[in-house]
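Have the fold open as you read.

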Amino acid sequence: MEHHDDRSASLKPKGVSTRDVDVGMALFDTPEQIHEPRDPDDERKLVRKIDLMVLPYLAVCYAFFYIDKTTLSYAAIFGIRQDLNLQGSDYNWLSSVFYFGFLFWAFPTNFMMQRFPIGKYLGVNIFLWGFFLMLQAATKTFGQLLALRFLAGAAEACADPSFMLITSMWYTRRQQPVRMGLWYTANGLGIALGGLSIGNIKGALPSWKYEFIIIGALCSAWGIVMFIFLPDSPVTAKGLTLAEKRMAVQRLRENQTGIENKHLKIYQVKEAFMDIKLYLFFLLGIVCNVPNGGISNFGTLIIQGFGFSTLVTTLMQIPYGVLIAISILICVYLNDRFVNRRCAFILLFLCPNIAGAFGLRYVDTNQQVGRLICYYLTGPYNAAFVMVLSLQTANTSGHTKKVVTNAVLFLGYCTGNGIQAPYYELGIWSMIVSHLIEACIIVCFWILLSRENRLRDKMQAAMEGGLEGRDLDSTAFADMTDRENLNFRYIY
């Protein structure tokens, strides 16, 4: 570790302490090595290798996240209400307390992600999350189940934020939406697999307990796999040679966001809370996830209107999950073909959701096929949310600032998921209003970020050397915030 610090010290910009330099600098002995030419074919091979080292672990984990969220609803179908004597609002509390745990632990877990090796920390939390899920099968009272749901929410609080940090460590800002789309697509897979309900197993235990035991055991096992095999960063990845590590860091120079920095910087915390983007991301976290309540609460009611059995009703979720996966892949593919069009694609993929929500509100209940189509139209909102996540990773620099912004975004995520309308009409209207507010916030982002880029271009054009004479090397790995770094350009 001392050897790494010596390297960082020799490469740090003037006036910047070793503590402030990004960990990626530890790989280089001289400044010239940062500019070593990269063979395009070698870089493509490296990206494919990184994809195999990182994406499968995140994708499987993300599928488990959704499957876990369905365990309680499927348990309700298969008898948990009766076995635990749940009364009145008990079930709603069990659903909400998961997000209370997430909210309670959001900031501590994000700061610990910065302090500890992120792959190891994520693996430990996934193991604990599965462990708490298995314990839910042993509960005999509402209070016991409530406490375990809270703990499971706290264990999952690191999930999405860590996935976003990991993606930003390994990929260029252009590549990030595609990679986020690939691991987020597993959300649709989780919905589809959730339809293949374990609760139909007939055995010595009540059916609902198999949901918790099997899913929890698989999650804990996957946590162990991630702890062992998921690399913590390009700097320490055991599967890469030194030359590959250097190339993995070199190719992120244009990002101007670095890899990571293990030191908590209070000034970056303060700056994050003074940046309007943080509050816009918080609002996006809320309005992007309020529709979850309407979709999860009332989607099955719409399908049950056909008169199908419980099993067939759950199987009808499979096309919905497939549609989500396809819409995400189409969105990130199109985004990769156009420069600075993320906000436009968010607005585009919100349109089917708004149309579907209006259809669910106004299409007559006798028109079952029409209402089912409207329900399926609400799936592409997941593609819009992937692009929202990519906006955050692409437009926040300074590792501490990224950690804080991540935490606040997912505070909004929890708040939105915790808002559950008590009856159908209000639930559908909450979806409509949330999507319209989201569209307005995205337009604000578009205007704000494009204006800031123009101002920076104007300022630097007036400096000695102009835009072409910018020294990108001095800021690429200095762990500067996007506000500090005039070389940083926003993507929208």
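## Helices side by side

Helices themselves are DSSP runs (H or I, at least four residues), numbered from the N terminus.

## Ground rules

This is a predicted model, where local features need pLDDT of at least 70 and side-chain atom pairs pLDDT 80 or more, while totals for chains, interfaces and linings use all residues. Residues are numbered from 1 along each chain as its sequence is written, and side-chain values use heavy atoms, leaving out hydrogens and water.

## Helix α2

At 1.5 Å times one less than its number of residues, the 38 residues of α2 (residues 40-77) should span 56 Å, and the end C-alpha atoms agree at 54 Å apart. Still, α2 has a kink of about 35° centred on Thr71, taken between axes fitted to the seven residues ending there and the seven starting there. After α2 comes Gly79, with a positive phi near 110°.

## A ring pair

Rings of Phe, Tyr and Trp (its six-membered ring) pair with centres within 6.5 Å, which gives 31 aromatic pairs. Tyr362 and Trp429 have centres 6.2 Å apart and planes at 85°, so they're edge-to-face (over 60 degrees). Tyr362 sits in α15 (residues 342-362) and Trp429 in α19 (residues 424-461), 67 residues apart.

Technical notes: Helices (H or I, at least four residues) and strands (E, at least two) are DSSP runs, numbered from the N terminus. Rings of Phe, Tyr and Trp (its six-membered ring) pair if their centres lie within 6.5 Å; planes under 30 degrees apart count as stacked, over 60 as edge-to-face and the rest as tilted.
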